[in-house]
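Keep the viewer open as you read.

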Amino acid sequence: MGGEYEPLKTYFPDEEVSFVGEDITETYDSWRMFFDGAANFKGVGIGAVLVSETGQHYSVSAKLRFPCTNNVAKYEAYIQGRNMAIDMNIQELLVIGDLDLFVHQVQGEWATKNSKILPYLHHVQELRKRFAKIEFRHVPKIQNEFADALATLSSMIQHPDKNFIDPIPVRIHNQPAYCAPVEEETDGKPWFHDIKEYLAKGDYPGHANYT
């Protein structure tokens, strides 16, 4: 396994069942950053989402065009989101990810001898000084679905080489885009009055349009 980390830790097959803790997706009294990386046969994508105290979301996503492991992709995603937080002059940040290994490594609780991870780890620990307060938290993947979706989308899309891609807005629609209009009745009766009369008497009203 290449000595990825130490000491030993037991992993459960289903994090969503084994996890017990607060729901970090609810309102929080500081900025939060969700991040994730996705590696599949289509490629590697990363995504990060900054969430303000009032619930405003700021997202960023990218496709990586160099070979890397899933763990490296997680570090790339974190650095992408952290850089956005620095640009926005955020001083206090709660970093949230679904990779337990990452959280323990950046907090110095687990060591690593992986030559690909070490430069990332040193970089992450050095840039922690840019924040007045920064915390790291592990959550199950179900609480990290927005960043996971961004990473998966970027990993699968074949990005054009020269064209610029505008940010993809994500909106919530509570009503359908099209609704069948119902004309207001001029006689003051409900719209279904003529239908009710026809069902009761079997005759069309004199003003009915048969065509």
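Lys-141 counts as partly exposed because its relative accessibility is 36%; here buried means under 20% relative accessible area, exposed over 50%, and partly exposed in between, with a 1.4 Å probe and protein chains only. This is a predicted model, so to speak of local features takes pLDDT of at least 70 and side-chain atom pairs count only at pLDDT 80 or more, while totals for chains, interfaces and linings use all residues. Residues are numbered from 1 along each chain as its sequence is written, and side-chain values use heavy atoms, with hydrogens and water left out.

Back to Lys-141: this residue forms a salt bridge with Asp-148, with 3.4 Å between the closest N and O atoms. A salt bridge here is a side-chain nitrogen of Lys or Arg within 4 Å of a carboxyl oxygen of Asp or Glu, and by that rule the count comes to eight. In general, side chains of opposite charge can pair when their charged atoms come close.

Now look at Lys-74, which meets the side chain of Asp-36 in a salt bridge at 2.3 Å, N to O. That pair links distant parts of the chain, with Asp-36 in strand E1 (residues 31-40) and Lys-74 in helix H2, 38 residues apart. Helices (H or I, at least four residues) and strands (E, at least two) are DSSP runs, numbered from the N terminus. Both Asp-36 and Lys-74 are buried.

Lys-74 also forms a salt bridge with Asp-98, at 2.9 Å from N to O. Because Lys-74 lies in helix H2 and Asp-98 in the loop between E4 and helix H3 (100-106), the pair ties together parts that are 24 residues apart in sequence. Asp-98 is buried, as is Lys-74. Salt bridges with shared partners join Asp-36, Lys-74, Asp-98, Lys-141 and Asp-148 into one network.

What about the rings? The structure holds eight aromatic pairs, where rings of Phe, Tyr and Trp (its six-membered ring) pair if their centres lie within 6.5 Å; planes under 30 degrees apart count as stacked, over 60 as edge-to-face and the rest as tilted. Phe-35 and Tyr-78 make an edge-to-face pair, because their ring centres are 5.8 Å apart and their planes are at 65 degrees. With Phe-35 in strand E1 and Tyr-78 in helix H2, this pair ties together parts that are 43 residues apart in sequence. Phe-35 is buried, with a relative accessible area of 2%, and Tyr-78 counts as buried at 0% relative accessibility. Phe-35 and Tyr-78 belong to one aromatic cluster with Tyr-75, Phe-102, Tyr-120 and Phe-136.

Which residues have the most contacts inside the largest nonpolar core? They are Tyr-78, Leu-93 and Phe-102, in a core of 35 residues. A nonpolar core is a set of buried Ala, Val, Leu, Ile, Met, Phe, Trp, Tyr and Cys residues joined through side-chain atoms within 4.5 Å. The largest share of this core, nine residues, comes from H2. Leaving aside neighbours within four places in sequence, Tyr-78 is in contact (heavy atoms within 4.5 Å) with Met-33, Phe-35, Val-95, Phe-102, Val-124, Ile-134 and Phe-136. There is also a second, separate core of eight residues, including Val-49, Leu-94, Val-139 and Ala-147.

Val-49 turns up again among the contacts of Leu-150, beyond the neighbours within four places in sequence. Leu-150 is found in helix H5 (residues 145-156) and counts as buried at 14% relative accessibility. Leu-150 and Asp-36 are 114 residues apart in sequence, yet 8.2 Å apart in space, C-alpha to C-alpha.

Finally, the outside. Asn-89 sits in the loop between helix H2 (70-87) and strand E4 (92-97). Its phi is near 60 degrees, a positive value in a residue other than glycine, and Asn-89 counts as exposed because its relative accessibility is 57%. Elsewhere, Trp-191, Phe-192, Ile-195, Tyr-198, Leu-199 and Tyr-204 form a nonpolar patch on the surface, with about 700 Å² of accessible area together. Patches are made of residues with over 30% relative accessible area and no salt bridge, like charges being joined within 9 Å and nonpolar side chains (Val, Leu, Ile, Met, Phe, Trp, Tyr) within 5 Å; accessible areas come from the Shrake-Rupley method with a 1.4 Å probe, and for residues only the protein chains shown count as cover. Tyr-204 is in the segment after helix H6 (193-201).
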